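Welcome, and thanks for taking a look at this one. Below is a short briefing to read alongside the viewer, grouped by topic.

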Amino acid sequence: APAVVARGLTKVYGQGDAKVYALREVDVTFETGAFTAIMGPSGSGKSTLMHCLAGLDTATSGTVRIGDVELTGLSDKRLTLLRRERIGFVFQAFNLLPTLTAEQNIRLPLEIAARQADQVLFDRVVETVGLRDRLGHRPTELSGGQQQRVAVARALISKPQVIFADEPTGNLDSRSGAEVLSFLRASVRELGQTIVMVTHDPVAAAYADRVIFLRDGGLVTELTAPTPQSVL
Ligand code: ADP
Ligand code: ADP
């Protein structure tokens, strides 16, 4: 079964003359195990689409299914549980807790779900994102790039079925960006996880199996087996 399916997804902000159609009747399917990049100009609806797919925001109309669960109509409590059990996030603004160390931030999803860490996975993730000697630091003591790595590590640590990432390499230089993306790709392949990533960067998009393009809230085209040249 597909990991995520959206049908007729529409999101309207504001009302009357101030109405903005952020998404217009979007139909999209994300197959289990696939790595999809979402591209499109600023304001085309990428963040809104991700937030609706992940159950962080409610669409005005249309439906979203994560695995066999229909999000539409779920109570906030059920939705929170579903996110906790099945979804990992890498937010654009990192959303790290300022009072916690890097290690505590990475382990947070497990703490919340009262689950044990897979120590082998933890070590591999920390090693790959290059945070071994920064684990005791708080977010304010880390660079933007290091905070982004913490956010990526945190999304992987609970082995979620689906990972939503908003510009996961936006604050990294191209070399560390490439490292984080190859790791992300290898790691989701190994566990059969599904990843949906918003990016502006053609090089980052080329790590995906498929790129979908949004314009004015609608899906305009898609590409499989993208290369940095073909997505430009
Ligand atoms: P938001 O989702 O907050 O509206 P955007 O997704 O539009 O923000 O942009 C995220 C970041 O990417 C911003 O810092 C923006 O300056 C940058 N950005 C926007 N367009 C491009 C582009 N074509 N190429 C590279 N970076 C871009
Ligand atoms: P992108 O991520 O591609 O930059 P967004 O999903 O952030 O696009 O935004 C899509 C459209 O919805 C834009 O026109 C944006 O201005 C509008 N929008 C996004 N969030 C809000 C909001 N909270 N209130 C009103 N309009 C919004």
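A polar contact here is a pair of N or O atoms within 3.5 Å. Please keep in mind that this is a predicted model.

**Ligand 2: who surrounds it**
- The shell around ligand 2 is made up of Tyr13, Val20, Ala22, Pro41, Ser42, Gly43, Ser44, Gly45, Lys46, Ser47 and Thr48.
- Sorted by class, these residues are four nonpolar, six polar and one charged.
- Strand S2 (20-30) and helix H1 (46-53) each contribute at least two residues to this shell.
- Helix H1 gives the most, with three residues.

- A polar backbone atom of Gly43 sits 2.8 Å from an oxygen atom of ligand 2.
- For Ser44, a backbone N or O atom is 3.2 Å from an oxygen atom of ligand 2.
- For Gly45, the distance from a polar backbone atom to an oxygen atom of ligand 2 is 3.0 Å.
- On its own, ligand 2 exposes 560 Å², and the protein buries 58% of that.

**Ligand 1: shell, contacts and cover**
- Ser42, Ser47, Gln92 and His200 surround ligand 1.
- By class, this shell has four polar residues, no nonpolar ones and no charged ones.
- An N or O atom in the Ser42 side chain is 2.5 Å from an oxygen atom of ligand 1.
- A polar side-chain atom of Ser47 is 3.1 Å from an oxygen atom of ligand 1.
- The His200 side chain has an N or O atom 3.2 Å from an oxygen atom of ligand 1.
- Ligand 1 has 560 Å² of accessible area on its own, of which the protein covers 37%.

- Which residues of helix H2 (residues 76-86) are buried? They are Leu79, Leu82, Arg83 and Arg86.
- These four lie on the same side of H2, because they cover an arc of only 100° around the axis.
- As background, an α-helix has 3.6 residues a turn, so residues three or four places apart point the same way.
- The buried residues of H2 pack against strands S4 (61-66), S5 (69-70), S6 (87-90) and S7 (162-166).
- Lys77 and Glu85 are exposed, on the face of H2 turned away from its buried side.

Technical notes:
Residues numbered from 1 in each chain as written. Chains lettered and ligands numbered in written order. Predicted model: local features only at pLDDT ≥ 70, side-chain atom pairs only at ≥ 80, totals over all residues. Heavy atoms only, no water. Buried < 20%, exposed > 50% of the residue type's maximum accessible area, 1.4 Å probe, protein only. Arc of directions from axis to C-beta. Contact = heavy atoms within 4.5 Å. Near = heavy atom within 4 Å. Polar contact = N/O pair within 3.5 Å; in protein donor to acceptor, adjacent residues only side chain to side chain. Areas by Shrake-Rupley, 256 points an atom, 1.4 Å probe, with all protein chains shown as cover. Nonpolar A, V, L, I, M, F, W, Y, C, P; charged D, E, K, R; others polar.
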